[in-house]
Amino acid sequence: MSGRRTVAIFRRVVQEIRRDRRSVALLFVVPIVMTGLVTFIVREGQAPEVDAVVVNDAGPVGIVVTNALDTALATEGGSATIVADTAAAEAMIGDGTATVAITLPAGLGGGDSPTITILTDGLDPAGEANQVAAVGRALVTAAAGATGANPPTIEHTTLYGVPSDDPMAPFAPAILGFLAYFFVYILTGISFLRERTGGTLERLMATPVARGEVVAGYTLGFGLFATIQVALLLAWGLGTVEVPEIGPLPAFSLGLGLPIAGSPLLAFLVVVVAALGAVSLGIFLSTFARTELQVVQFIPIVIVPQFLLSGVLFPVSSLPDVLQPFVLIMPLTYAVDGLRQVIVAGADLATPALQLDLVVLAGVAILFAAVAALTIRRDVA
Amino acid sequence: MEPAAAPSAASVNGAGPAIRADDLVKVFGAIRAIDDVSLELPSGRIYGFLGPNGSGKTTLIRLLTGLARPTSGRAEVLGVPLPSREVLARIGYMTQSDGIYPTLTVGENARFFAAAYGVRGKEAIREALELVDLADRLDSIAGTLSGGQRRRLSLACAIVHRPPLLFLDEPTVGIDPLLRVEFWAHFRELADAGATIVVSSHVMDEADRCDELLFIRSGKVIARGSGREVRAQAGTDDLEQAFLRLGGDVGATR
């Protein structure tokens, strides 16, 4: 053990890292930004804006309660309005004009503790839990003030499926979308970087191959693997195969058997379109990397914000207002929402929300492919 | 080489030069990597771009293939103004690094570049691999080949489309003397079949194998002529001495 040699190595390591601005940024800037972002989201996470529709079976008392509720919700920019019947309320939840529907029972204002039902669409379980909690608090105060009776009990139901049927169900769409996106990005980024640094891209550019052909070829190649990956992932997540008893092996079932309301093929389509966008993203970002480490260094910058802001971890509706524009520019937001539409709400191709998700995802894929093509001839050395 | 391949291109372009450059300048930041180069290189000969590392040989080749855009000036090869994607089908470019896919086999590499150049059929691939003596290694993974074999595969990938114009950027760096002799025999064979070949090198003892030499220093062509001519011009028998004497004034201004 030589102290001088150790010091020499120590000095070299420090010099290397100091010269590598990405590593410095990764070490010092990114963690500060990330913890700041998470703290901001959690701490400043806003009381959700709730637009409630009320089905009033409670008569005049219900009107008083609704008015009190309206005043309470207005502080966060929401409202409460009375609609004719349950069918009208459900329709408004379904098309997104209202976030919750409240049914005030006939016994409200009587001696018993009444049960008030709150209906949400069930697409964003975590976000809706916040909304229901907010409405619940307001309702209890409003009902107590209006009737002086015992505080009501709140019961939460959803339009699509039972809220806590399978504890994994709320996470499944987000996790499926995220994993597919993440792995395709990493693989494409690294393999295109090899093309750039291995001298083969220079060589390829000396042939009549067009840049668009390179991007298209890559998209097809990685698209194929992404497709297989997504198919496997969906089959594993959504399917259940009962394997019968074979010899000494007992019968067992394979697959996670997560509930899906819509067509698995449609879920497949959403993830594949998102993954194609990740292919071009990988090609594009490999322009700014010289080594494989640097591709990995982009993860906290490109992937983690998407993880935080696209509704994978935190419900989009609870994110602070300042971050909402960023939510809208994250491709993963649309992948997660599209998957929720299909898996939870059973959306089909005629559903406007799903159409929007698919159009945005396809647009992002095309945009990044074009930008990726532009980066190819530049700086090939 | 099929005799028909190379001359056909030459006949299309008549007697015009294979390469023509007018006042080419390439600036990287504050450095003039190529400093006002004008050239006219008739076809069917082997040209040697000679100069030390960093003198601008690779940049000049990249400008002459259209891979790099000149800051000013213009170039045309085989009668086509650059940049032109179409003319790339008639240019071969063996880069300084091997530029082959290490996880693919010899055959897969050759097939890929043949397809990229728009070559159909197995005949051309077999010929190119035979020329570099790799026809029997078709199924070897390129990454497991020796350095010399990888260099040979790299050459095969550059000539698989039988280009009438071939750029070889330091093709003999890091290979043993025996292979170097073989390479030069290949180059001569291709030139005899009508191809124009540009070889860059910083090894002066390769110079006499070229028909014509261009001394490149600090981005300028400082001398041009056959080995005998430049020796006479510099008044020395030693090419290295000739290079130093002819480049003396350029070096002084740096």
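**Exercise 1. Find how far apart the centres of domain 1 and domain 2 of chain A lie, and describe their contact.**

Step 1. Taken over C-alpha atoms, the centres of domain 1 of chain A and domain 2 of chain A are separated by 39 Å. Please keep in mind that this is a predicted model, where local features need pLDDT of at least 70, side-chain atom pairs count only at pLDDT 80 or more, and totals for chains, interfaces and linings use all residues. Residues are numbered from 1 along each chain as its sequence is written, while chains are lettered from A and ligands numbered from 1 in the order in which they are written.

Step 2. The domain assignment places domain 1 of chain A at 51–158 and domain 2 at 172–377; such bounds come from an automatic or database domain assignment.

Step 3. Domain 1 of chain A gives 7 residues to the contact and domain 2 of chain A gives 9 (two residues are in contact if their C-beta atoms, placed from the backbone, lie within 7 Å).

Step 4. On the domain 1 side, the classes are 2 nonpolar, 3 polar and 2 charged residues. Here Ala, Val, Leu, Ile, Met, Phe, Trp, Tyr, Cys and Pro count as nonpolar, Asp, Glu, Lys and Arg as charged, and the others, Gly among them, as polar.

**Exercise 2. Work out the strand order of the open sheet of 5 strands in chain A, and what lies across it.**

Step 1. The order is β2-β1-β3-β4-β5 (chain A), and the pairing is mixed. Strands (E, at least two residues) and helices (H or I, at least four) are DSSP runs, numbered from the N terminus, and two strands pair if DSSP finds at least two bridges between them.

Step 2. At the edges stand β2 (79–83) and β5 (153–158) of chain A, each with a single partner strand, so one side of each has no neighbour in the sheet.

Step 3. On average, neighbouring strands of this sheet are turned by 25 degrees against each other, direction ignored. Axes are lines fitted to C-alpha atoms, for helices over the stretch in contact, and angles run from 0 to 180 degrees between N-to-C directions.

Step 4. Take one pair: β3 (residues 100–104) and β4 (residues 115–120) of chain A are antiparallel over 3 bridges, with I102(A) opposite I118(A).

Step 5. Helix α3 (residues 60–74) of chain A lies across β1 (51–56), β2 and β3 of chain A, and runs at about 150 degrees to β2(A).

**Exercise 3. Describe the open sheet of 6 strands in chain B and the helices packed on it.**

Step 1. This sheet has the order β6-β7-β8-β3-β9-β10 (chain B), with mixed pairing. Its edge strands are β6 and β10 (220–225) of chain B, each pairing on one side only.

Step 2. Neighbouring strands are turned by 15 degrees against each other on average, direction ignored.

Step 3. Strands β3 (residues 46–50) and β8 (residues 196–201) of chain B pair in the parallel sense over 5 bridges; Y47(B) has V198(B) as its bridge partner.

Step 4. Helix α6 (residues 177–192) of chain B lies across β3, β7 (165–169) and β8 of chain B, at about 150 degrees to β8(B). Helix α7(B) touches β9 (212–217) and β10 of chain B, and its direction makes about 110 degrees with that of β10(B).

**Exercise 4. Characterise the packing of α7 on α8 in chain B.**

Step 1. Two packed helices are described by the angle between their axes and the distance between the axes. For α7 (residues 227–234) and α8 (residues 239–246) of chain B, the axes come within 9 Å and cross at roughly 55 degrees.

Step 2. G227(B), V230(B), R231(B), Q233(B) and A234(B) in α7(B) meet L239(B), Q241(B), A242(B), R245(B) and L246(B) in α8(B). By class, the residues of this contact are 5 nonpolar, 3 polar and 2 charged.

**Exercise 5. Follow the hairpins of β1 with β2 and of β4 with β5 in chain B.**

Step 1. β1(B) and β2 (residues 31–41) of chain B pair in the antiparallel sense over 8 bridges, and F28(B) stands opposite I31(B). Their hairpin has 2 residues between the strands, with G29(B) in the turn at a positive phi of about 60 degrees.

Step 2. β1 (residues 19–28) also pairs with β4 (residues 72–77) of chain B, antiparallel over 5 bridges. Here R20(B) has E76(B) as its bridge partner, and A21(B) stands opposite A75(B).

Step 3. In the hairpin of β4(B) and β5(B), L78(B) takes a positive phi near 50 degrees.
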